[in-house]
Amino acid sequence: MTEGMTAERDTGAAATARRLLEIANLKVHFRTDDGWVRAVDGVSLGVDRGETLGVVGESGCGKTVTAMTVLKLIAMPPGKIVDGTIHWQGRDIVPLTPAEMRSIRSKEIGIVFQEPMTSLNPVYTVGEQIAETLRLHEGLGKRAAMDRAAEMLKLVHIPNPSRRVNDYPHQFSGGMRQRVMIAMALSCSPKLLIADEPTTALDVTIQAQILEIMVEMKERLGMAVMLITHAMGVVAETAQRVVVMYAGKVAEEAPVGELFANPRHPYTQGLIRSIPRIDTAATHKVRLEAIPGSVPSLLDPPKGCRFAARCRFVMPECLDAQPPLREVSPGHKVACIL
Amino acid sequence: MAGSTLASPTASAGAPARKPVSPGLEAWRRFRKHRLAVASAVVLSVVVLAVLFGPLFWTVAIDEIDFSATLEGPSWAHPFGTDDLGQDLLARMLYGGRISLAVGFAAMAVAVFVGILVGAVAGISRGSVDAALMWLTDLFLSLPQLPLLLLIIYLFRDTLREWVGPEMGVFILIVLVIGSFGWMPVARLVRAQFFSLREKEFVEAARALGASTPRLVIRHILPNALGPVIVAGTIDVAAAIIAESTLSFLGLGFPPDIPTWGRLLFDARDHLDFAPHWALFPGGAIFLTVLTINFVGDGLRDALDPRRVL
C-alpha cells in the first residue's frame, strides 16, 4: 500500500495543475449491526482536467460509494470517512462543512444517477427543476433561469425545448429523463461530471444516445467525466483511462488501450474475457466465460488479496498480505504480485 | 376547490396552463369521476354558501322572542320551526352554522399545521428527535380526549373570556383544544411519507445539486407528501365539527346566546317528544356536513393517489 501511495504522490505532485480530483487512500466504512462494513478500503485515484475516467467493477465493489463520498452524499452515520483525503483542485474537501459542500455540488461537480425514472421530482415541471439549480447557484432570475433551462434541454437534444420545459417528468420517457438529468447536472457548467451508471436502467439504443450526448457535452464544455459502470463495452468506447475496482480496492489502473491489450490483474482479465464476443459466439458454440465465486464479505475481508479465492493463478503468498498497487509501465498500475 | 389545493405550488411557480396535465388539473379530472364526491362537494358548497350568505336573505333576527309562536313546527313563516322562546330556528341555524363550520376549519388548520410540523421534523431527523416526537404523539393518542377537553375548557374558559371577550375567547379555546387533539394522525402520516420520500432518488438528486436540508424538506419532500395530508385534513374538519357539537351538547361549548348546531341540540333535548323538529334540523345539518366532507375526502384520496390510473 505504502509503495503504491508514494508512486501516486510523485505523479500527483508533478501534475497538480492538470489534476482536478485526487482521491488518496480513501476509506469509507459503514456501521451495521454486525460490525463495520469496509465498503471502500484504501482507494486512490485521480481525474485530470478534460479526461474521461472509467471506473468499473461488479456490484458492491465500492464504485458508487467512492463517487458519492466525493460529493459527501453518503449518510453519516451510518457511513464514516475513516481515512484518506479527497483533493478537489488542490483543496481537501473531507473536512468541509455542509454549507461549503453545497457550493461545490453541481457548481463544480455535477452528478447523474442511475435511476432516471425516479430522479426527477414529480410535482414540478422539468424546467422548474433545472431553473431551481440555476437560481440557487448562479443567482439568475425566474425568467432568465427558465430561458437557460430551455437552452440546456436543447443542448441535450430534446426536441421542441421551449415547449417541453413546461412538461412534467411523467410526460418524458426514461431516456428523455436521463437527458433532463444530464441537463440539470450540467446547467451550472461543472468542471467534473460524475456519471453513476447513467445508462444501466435504459435499453441499448437509448444507452448509445446518452453516451453520445455525454461525450458531446464533455467536448463542448471541456469538463472531465468520471464514468462509473459495470459494462466494459461502455468504458472501451468512452474512457481514456480506466480504474478497475474489486471489493473496495483498486485492482488495476491503466489507459484504456493498454488495459484491453495487456490486462495484468487476473480480475481484469476475467472481466474482459466475460464480455460477449459477436465473432466467436456466432461461429462456435462457446459458453460465455464467467468469473467463478462471488465478492468476499466486506464485513470481515480476507487478510490477503481479496480476489485470491476466485483467482485462477492463486499462490500461497496471495493469502498472506494484500499486494500493493505497483506501477508496471507508465500509467499502468496493478495490485497483484504477478 | 379540489384541484386548486394541489395546483397552487405549481401555478405560483409560473407554469402556464398550456396543456391540462399539471398534477392539480390531473387530480381534478380524476375527482370529477368520483360521482358521490362531486355530489357531496355540491351539497357542501350549498351548506357553506347558505351559512355565509343566508343571513343576508333570511333577515329574521336570531334572538327575536315571540311567545305567541313557541315550539311551532315548520311553516312558511318559520321554515325550520321555532324553539321554546319562539325564536326562528332557520335564522339560528344559519348563524350557528357559521360558528360550527369556522370551528371545524380552524381546528383542522391547527391540527394540520401542528401535524405537518411534528411529522416533518420527526421524518427528516433520525434517532432521538424522531423517537421523542413519536413518544409525544403516542402520548397524545393515549390521552382520554373527552374528559380532558371538558377539564381544559372548564379550567381556562373564564380566564380567556376576560382576555378576549366571551365569544372570541371560547372560539379560540375550542379551536386550540380540538386542534391539539387532532394533529396526531397527520403527524404520523407526514412522518411515514417523509420516511419513504427522503430515500427517493429525486431527493438525493436535489441534494447532489446543492439544496440545503430545509430546502429539501419544503420544496421537494413536502409537496409530494401533501396528498394524504389534504385527505386527512378533510376528515379532521368533520371530526372537529362533531367535537364542537359534543362540547356544546354537554353545555361546555359556546355561551347559550350563540346557537351553534351542537348548542341547538343541547337546548332541544328537553323537548324531543313534542318538538322533534328542533333537534332534527341541527342534527341533520351536522350529519349532512360531516357526511359530505368525508365523501369529498374520499374523492380527494382517489384523485390525489398518484398510483391510481384512471
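## Terms and model

Helices (H or I, at least four residues) and strands (E, at least two) are DSSP runs, numbered from the N terminus. This is a predicted model, in which local features need pLDDT of at least 70 and side-chain atom pairs count only at pLDDT 80 or more, while totals for chains, interfaces and linings use all residues. Residues are numbered from 1 along each chain as its sequence is written, and chains are lettered from A and ligands numbered from 1 in the order in which they are written.

## Chain B

Chain B has twelve helices and zero strands. Its C-alpha trace spans about 75 × 45 × 30 Å along the principal axes. Of its 310 residues, 44% are buried (20 or more other C-beta atoms within 10 Å of the residue's own, with C-beta atoms placed from the backbone; 12 or fewer counts as exposed, and in between as partly exposed). Two residues are in contact if their C-beta atoms, placed from the backbone, lie within 7 Å. Among contacts in chain B between residues at least 6 apart in sequence, 68% join residues at least 24 apart.

Helix H6 (residues 145-164) of chain B has a kink of about 45 degrees centred on B:Phe156; the bend is the angle between axes fitted to the seven residues ending at a residue and the seven starting there. After H6(B) comes B:Gly165, with a positive phi near 90 degrees.

## Four-stranded sheet of chain A

Two strands pair if DSSP finds at least two bridges between them. Four strands of chain A form an open sheet with antiparallel pairing, in the order S2-S1-S4-S5. Its edge strands are S2 (35-48) and S5 of chain A, each pairing on one side only.

S1(A) and S2(A) are joined by ten bridges, and A:Val28 stands opposite A:Val40 in S2(A). Strand S1 (residues 19-32) of chain A also pairs with strand S4 (residues 79-88) of chain A, antiparallel and over eight bridges; here A:Phe30 has A:Gly79 as its bridge partner in S4(A). Two bridges link S4(A) to strand S5 (residues 91-92) of chain A, with A:Trp88 opposite A:Arg91 in S5(A). The hairpin of S4(A) and S5(A) has two residues between the strands, and A:Gln89 in it takes a positive phi near 50 degrees.

Strand S3 (residues 52-56) of chain A pairs in the parallel sense with strand S9 (residues 241-246) of chain A over four bridges, and A:Val56 has A:Val244 as its bridge partner in S9(A).

## Core and interface

A nonpolar core is a set of buried Ala, Val, Leu, Ile, Met, Phe, Trp, Tyr and Cys residues joined through C-beta atoms within 7 Å. The largest has 175 residues, of which A:Ala149, A:Leu192 and A:Met226 touch the most other members. Helix H4 (residues 89-124) of chain B gives the most to this core, with 18 residues.

The contact between chains takes 27 residues from chain A and 25 residues from chain B. H4(A) gives the most to the side of chain A that touches chain B, with four residues.
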